[in-house]
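Please read these points with the sequence and the structure open beside you.

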Amino acid sequence: MVLDPAFPTSYPVAFMMGFLSSVHCIGMCGSIIGTLTLSLDAKIRASKAALIPYVFNYNAGRITSYALAGALVGILDLLIVLSIGKLDGYRLLQILSALIMTASGLYIGGWFPRFAYLEKAGLKLWKLIEPYGRRLLPVKNRLHAFLFGMVWGWLPCGLVYAALALAATAGSIPQSMLTMLFFGLGTLPAVMGVGIMTGLLTRLSRLRYFKQAAGLFMIVLALFAALPWLNPMAYTAHSAIH
């Protein structure tokens, strides 16, 4: 077997990061969805069949922005690799990714609340983008819902930044985008705001031991990022055949 240096091509890892992150942030994201829902026409709110496409479009727009952010860190990845060399570049990105993921795991577990300060890094960009979201309120159609979701996707969030750190080690721009796509898909069960899963996740998010277990799992993922040869999913199928 030959190790594939692009650890995050194990997209289930990105999906699990999204799922664990949404368990921690369900209160904030749920309140955003609730506010947006209340801004809709009463006829739409009265019918689940009419409401669900709007909620889906909010989230489709949000995940689209995650993928675009993944493309940006993929470009950064390429610039770093070109400037200091492929092996050194990937190794540097793996270590930085592992450090940020470890911090996010400690944050989810309740052991490192100061990780939230990382969100300040995106405040300047958010101040530029947020006014465009206000112009779309109240949401009048599904296109507006999608566009508002795209604005929402740039809301400063330390756990999204942790996923971006993972995406930066993906090895190419398309793989970085896919990493963030799978991260976004992992957040859907909690953020869609419909069905039994949301109530279950809300109850779990209030359990200290569950949060700690989720944080520890995130730290294990960070270990895989720092030491990808420990991760069996970091081997390509082509390498396995040989």
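1. Thr169 sits in the loop that connects H7 and H8. This is a predicted model, and the points below should be read as describing a prediction. Thr169 has a relative accessible area of 2%, so with the limit for burial set at under 20%, Thr169 counts as buried.

2. Leu166 belongs to H7, where the buried residues are Gly158, Leu159, Val160, Tyr161, Ala162, Ala163, Leu164, Ala165, Leu166 and Ala167. The count for H7 is 10 buried out of 10 residues, and the helix is described as mostly covered.

3. Ala167 is a residue of helix H7. How much relative accessible area does Ala167 have? The value is 0%, so Ala167 is buried. Setting aside neighbours within four places in sequence, Ala167 is in contact with Val73, Ser176, Thr179 and Met180. Another pair to look at is Ala167 and Leu178: 11 residues separate them in sequence, and their C-alpha atoms are 8.4 Å apart in space.

4. Ser176, one of the contacts of Ala167, has its place in helix H8. The relative accessibility of Ser176 is 0%, and therefore Ser176 counts as buried. Not counting residues up to four places away in sequence, Ser176 touches Gly70, Val73, Gly74, Ala167 and Ala170.

5. Beyond residues up to four places away in sequence, Met180 touches Tyr66, Ala67, Gly70, Val160, Ala163, Leu164 and Ala167. Val160, Ala163, Leu164 and Ala167 are among the buried residues of H7.

6. Which residues have the most contacts inside the largest nonpolar core? They are Met17, Tyr58, Trp152 and Met180, and the core has 55 residues. At least two core residues come from each of helix H1 (11-38), helix H3 (48-84), helix H4 (86-108), helix H6 (142-152), helix H7 (158-167), helix H8 (173-191) and helix H10 (208-226). H1 supplies the largest share, with 11 residues.

7. The buried residues of H4 include Gly89, Tyr90, Leu93, Gln94, Ser97 and Ala98. Further along H4, Met101, Ala103, Ser104, Gly105, Tyr107 and Ile108 are also buried. After H4 comes Gly110, with a positive phi near 85 degrees.

8. How many salt bridges does the structure hold? There is one. The side chains of Glu130 and Arg134 form it, with 2.4 Å from N to O. Side chains of opposite charge can pair when their charged atoms come close. Both Glu130 and Arg134 are in helix H5 (residues 123-135), four residues apart, which is about one turn of the helix. Glu130 counts as partly exposed because its relative accessibility is 22%, and the buried class stops at under 20%.

9. The loop between H5 and H6 contains Pro138. The peptide bond joining Leu137 and Pro138 is cis, with omega about -5 degrees.

10. Taken as a whole, the protein has 11 helices and zero strands. Of its 242 residues, 46% count as buried. Among contacts between residues at least 6 apart in sequence, 80% join residues at least 24 apart.

11. The average pLDDT of the protein is 80, and 82% of the residues score at least 70. Confidence is highest in H6, at a mean of 94, and lowest in helix H11 (residues 237-241), at 38. Residues 1-9 have pLDDT below 50, although this stretch has 33 contacts in the model beyond near neighbours in sequence. Residues 235-242 also stay under 50, with eight contacts beyond four places in sequence. Where pLDDT is low, the predicted coordinates should not be read in detail.

Note on methods
Residues numbered from 1 in each chain as written. Heavy atoms only, no water. Core = buried A, V, L, I, M, F, W, Y, C linked by side-chain atoms within 4.5 Å. Buried < 20%, exposed > 50% of the residue type's maximum accessible area, 1.4 Å probe, protein only. Contact = heavy atoms within 4.5 Å. pLDDT = per-residue confidence, 0-100. Salt bridge = Lys/Arg side-chain N within 4 Å of Asp/Glu carboxyl O.
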